[in-house]
Amino acid sequence: MRRVLPVSVSVSVVAVAALAAVAAGTVPAGAAGGDPEADLAYHGVVSMSGGRVDLRFTPRNHGPSAVPDTTVRLRWSVPLVDGQALPEGCARSAAREVLCRVGALAADDRGRQIGLRVRLRGAPSEVLLETDTVWSGGAVDRNRSNDRQRVLVLDTGDRYYF
């Protein structure tokens, strides 16, 4: 059964303006709904002791569409020690960044858990860890609040969940 709901004039004006912007090429097609939509999220736990950070997280796609490939960026507020071994699928992209390939995620499905241990330069008493999706295989994620995380981690060995 299909239901038609009344639309206010202001919403109609915004919709017409958005369609005009897409037609003019000033808005990416995905922003107007042409690309598949997915809702990516990362949930896990992180701890730090003696400058060593232990991180485990599980990616999830809340849908409605599958994602053919996904990459997550992990960014620390303190540079990483050079020459560290990273798990398969993860690579250092900058002094404070690691990229990890998540891979394909079906709609409403979890990916494999990703775990890594990194050492930070110096002996910081705290570090800010930020996560965000940098590649989603062309899918549009309109809810960026659950794949963009910021976690303050104190050098106490305590676990911080996100």
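Which residue does a disulfide join to cysteine 90? In this predicted model, the partner is cysteine 100, with an S to S distance of 2.1 Å. The count of disulfides comes to one. The link of cysteine 90 and cysteine 100 is right-handed, with 110° about the S-S bond. The pair sits 10 residues apart, with cysteine 90 in strand S4 (residues 90-94) and cysteine 100 in strand S5 (residues 97-101). Cysteine 90 counts as buried because its relative accessibility is 14%, under the cut-off of 20%. Cysteine 100 also counts as buried, at 0% relative accessibility.

Strands S4 and S5 belong to an open sheet of five strands, in the order S4-S5-S3-S8-S9, with antiparallel pairing. In general, strands of a sheet pair through backbone hydrogen bonds. The edge strands here are S4 and S9 (149-154), and each pairs on one side only. From one strand to the next, the twist averages 25°.

Further along the order, strand S3 (residues 71-76) and S8 run antiparallel and are joined by six bridges. Aspartate 132 lies in strand S8, which covers residues 126-135, and is the bridge partner of arginine 73. Is aspartate 132 buried or exposed? Aspartate 132 counts as buried, because its relative accessibility is 13% and the cut-off is under 20%. Leaving aside residues up to four places away in sequence, aspartate 132 touches Thr71, Val72, Arg73, Arg75, Arg144, Asp147 and Arg148.

Key
Residues are numbered from 1 along each chain as its sequence is written. This is a predicted model: local features need pLDDT of at least 70, side-chain atom pairs count only at pLDDT 80 or more; totals for chains, interfaces and linings use all residues. Side-chain values use heavy atoms; hydrogens and water are left out. Helices (H or I, at least four residues) and strands (E, at least two) are DSSP runs, numbered from the N terminus. Buried means under 20% relative accessible area, exposed over 50%, partly exposed in between (1.4 Å probe, protein chains only). Contact means heavy atoms within 4.5 Å. A disulfide is a pair of cysteine sulfur atoms within 2.5 Å. Two strands pair if DSSP finds at least two bridges between them. Axes are lines fitted to C-alpha atoms, for helices over the stretch in contact, and angles run from 0 to 180 degrees between N-to-C directions.
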